[in-house]
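I open this notebook to record what I looked up, one entry at a time, with the sequence and the structure beside me.

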Amino acid sequence: MADRKSLGELLVVRRAQWTLFCLALALAGGQGRLAAAQEVQIVVHPSNELTSISREELSKIFLKRLGTWADGEIARPVDQPPDAAARARFSRLVHGRSVVTIEVYWRRMIFSGRDVPLIELQDDDRVLEYVRTHPGAVGYVSASAQTEGLRVLALAD
Amino acid sequence: MRKGSTVPSLARCRNFTSALCALLWVSGPLQLSAEDLPDKLRIFGHLTQAYAESSLGSILGATKSGTTELNSLAVQFRWSISDRDAAVIQLAHENRSNDIFSPIGHDVEVDWAFYERRIGRTTALKVGRLNVPLGIYNEVLDVGTLLPFFHAPISFYSGVLNTAETVDGISISHIFAARSDWNLEAHAYYGGWDTAQQRVSSDAEFGLVNLDARAEDGVGVQLWLNTPTHGVRLGGGYLTWRLDGPNTPPNTRDDWESYHVSLDVDTGKWLARAEWRDWSFEQDLGAFLGLSESILARTGRTGRYCQLGAWFTPRIGLFGQFEDISLRDDPGLQPQLRDFHQDAALSANYRFRPDLVAKVEVHRSETRFPLADPSRPQTFGGPEVGVDWLIASLSVSF
C-alpha cells in the first residue's frame, strides 16, 4: 500500500514536472517569437491606412497569393537577398518556413509559368527608399532601421 | 513538346546541350536580379543530366549497358509588360534515351509561348501554347530541382502519351476566398496538342511504334483546396479530348477521358503525396494490335502512386515511392495484362543550394514493358519480369 502511495505521489510529481517543462518551453517559444518580431519591422507606404496585419495575410502577400490590399490597392512587396539576416527572421516569423523552403516555392512558381519572385533589394536602406516611393509597397527591415516617414505595421496572430 | 517522328541532327543538339551545360555550370549561383536586367525582362532556366542503368533490359530510359542520354534543359524569358500583363516564352530540349513513354525528340522546341492577363485580384487568363495545371507535377515535369525523383511518376503523368503537358489554347485560373484560411484554386483550359499514338509491332525495337497524332478539343479542369495548414492541399481534376491518329477508326475520333485525385503534403521538411488517375477511351484495338480486323472497344487503365519522405537536414532528403499501373480488362488484351507495372523506389537527394540538387535513386520494377527483358520476343504484353535499375542525376536551375 505504501509502495502504491509513493508511486502515486511520484506520478503527481512527474506530472507537475512535465507541466512546468511544457510551460517553460511555451514561454521560451513565445519569447523567441517576440524577440524575432522585435528584430524585424514591417514597413508600408505612408498612404497605407493599416496599423496591423495578420501573419497569414502578410505571408500571402509576400508569396503573391494575394495581389492587393484589402482596399484594392495593388500590393508591391519587396524582399531582401536570401543571405540577409532580416530575410531569415522574416521568413521564420511570417511564413513559418526557412528561406530555402521559400526559395524552392519560388522555383516552382517560375517553372510552372505562374509568377516570378519578388524584387530583391540589397539592404534596409534600399527597402526603405523603395517603400517610401511606391504606393502599395511593403517590406521588412531590421529593428534598428530608421523608419521615419513610413508606417510600421504590427503583426497580429 | 515531343513528337514521335522528330529525329533531327543529334550532333547539333548535343553541341547545344553541351554549350548550355557549360554556361550553366560556369554561371554557378547565377541570380539575375532586377538590377542586372532591364526591369521588365527576366530570364530563368533549368538543366538536368542523368546516368541510368538497369539489371536486365531497357526501362524508362535506363539501359543494361548504362546511358547518359537522359537530359533536359529549358530557358524561359518572361516579359512583364505591366502589372497585369506578361508574355512568356520557354524553349526546351529533352532526351529520354529509349523510354517508350517519351517518343524520341531531340529538337529544341518552343515549349511555351503565351500571353497572360491578370484580371482583378486573383484571376489570370492565358492564351497561346501554355502548360497545363494537372496534378502536382504536370507543370514542372522536367524541373529536376523540384522533383524528389528523376521522373515524375509515370503511372500518373504517363510520359508524353495519353495526357496533356501543354495545350495550344486558352486557360483561366481563379482563387476563390483568397483571404480565407480555406481557399479554392480553380483552373480551366481548352485546346489541342501534338502527341503520339502507339501501335504494336514485332519488328519495332520497342515492340511498339509511336505514330504522330493530334489531340483536339481538349477540355480540362483542376481544383485545389488549400487548407489552413501550410503546405497541405487536396486536389482533383478532369480532362477530356478527341484523338485523331492512325489507330482511330475511319470517320470517327477517339474520345478520351481522365479523372484524377491528389493529396499533397509538403511542409518544406516532410513530404507525403499520393495521386490516382483513371483513363478511359474508345479505341480500335485491332489497329493497335496490328490486326486486319477492327475491334472497337471502350477500354482504359488506372495509375496511382504515393511518395513519402523528408528533408532530414537542409541539404539531405530521403524519399520513397511506390507506383502501379493496371490495365482495364477488355476483349482485345489478355487478362494477365491487368497488372501491367509496379515500381518501388528510394531516392537520396543532396541539395547543395535550392538551385543545385544531386540525386541517386534505385528502383525495383515488376513490369511488362516490352524492352525490360531483351531475351523475350519484343511484343506488347509479354510476361512480367523483375528489373532493378538506378538513376544518378544532377539538376541546376537559375
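**Entry 1: chain B as a whole.** I began with the contacts in chain B between residues at least 6 apart in sequence, and I found that 60% of them join residues at least 24 apart. The model is a predicted one, and I keep that in mind for every entry that follows. Chain B has 398 residues, of which 57% count as buried, and I listed three helices and 16 strands for this chain.

**Entry 2: confidence in chain B.** I then looked up the pLDDT, which is the predictor's confidence in each residue on a scale from 0 to 100. For chain B the mean is 83, with 77% of the residues reaching 70 or more. Which element of chain B has the lowest mean pLDDT, and which the highest? Helix α1 of chain B, residues 10–27, is the lowest with 48, whereas strand β15 of chain B, residues 356–367, is the highest with 96. I also marked two stretches of chain B where pLDDT stays under 50: over residues 1–13 the model has 36 contacts beyond four places in sequence, and over residues 26–37 it has 16 such contacts. Where pLDDT is low, the predicted coordinates should not be read in detail, so I leave the matter there.

**Entry 3: chain A as a whole.** In chain A I listed five helices and six strands, and, read from the N terminus on, they follow the order α-β-β-α-β-α-α-β-α-β-β. This chain has 157 residues, with buried residues making up 45% of them. Of the contacts in chain A with a separation of 6 or more, 70% are between residues 24 or more positions apart.

**Entry 4: two helices of chain A.** How do helix α3 (residues 85–95) and helix α4 (residues 99–111) of chain A cross? Their axes come within 9 Å and cross at roughly 80°. Angles of 65 to 115 degrees count as roughly perpendicular, and α3(A) and α4(A) are therefore roughly perpendicular to each other. On the α3(A) side the contact is made by Arg87(A), Ala88(A), Ser91(A) and His95(A), and on the α4(A) side by Val99(A), Ile102(A) and Glu103(A). Sorted by class, this contact has three nonpolar, two polar and two charged residues. Among the buried residues of α3(A) I noted Arg87(A), Phe90(A), Ser91(A) and His95(A), and just after α3(A) I found Gly96(A) with a positive phi of about 70°.

**Entry 5: the nonpolar cores.** The largest nonpolar core has 35 residues, and those touching the most other members are Tyr137(B), Tyr157(B), Val167(B), Trp193(B), Leu239(B) and Trp241(B). The elements that give two or more residues to this core include α4 of chain A as well as β7 (183–200) and β9 (232–244) of chain B.

Entry 6: Is Val232(B) buried, partly exposed or exposed? Buried means under 20% relative accessible area, so Val232(B), at 21%, counts as partly exposed. Leaving out residues up to four places away in sequence, Val232(B) touches Leu225(B), Asn226(B), Thr227(B), Asp264(B) and Val265(B). From Val232(B) to Arg273(B) I noted 41 residues in sequence and 9.8 Å in space, C-alpha to C-alpha.

Key:
Residues numbered from 1 in each chain as written. Chains lettered and ligands numbered in written order. Predicted model: local features only at pLDDT ≥ 70, side-chain atom pairs only at ≥ 80, totals over all residues. Heavy atoms only, no water. Axes fitted to C-alpha atoms, helices over the stretch in contact; angles between N-to-C directions. Helix = DSSP H or I, 4+ residues; strand = E, 2+ residues; numbered from the N terminus. Parallel < 35°, antiparallel > 145°, perpendicular 65-115°, else oblique. Contact = heavy atoms within 4.5 Å. Nonpolar A, V, L, I, M, F, W, Y, C, P; charged D, E, K, R; others polar. Core = buried A, V, L, I, M, F, W, Y, C linked by side-chain atoms within 4.5 Å. Buried < 20%, exposed > 50% of the residue type's maximum accessible area, 1.4 Å probe, protein only.
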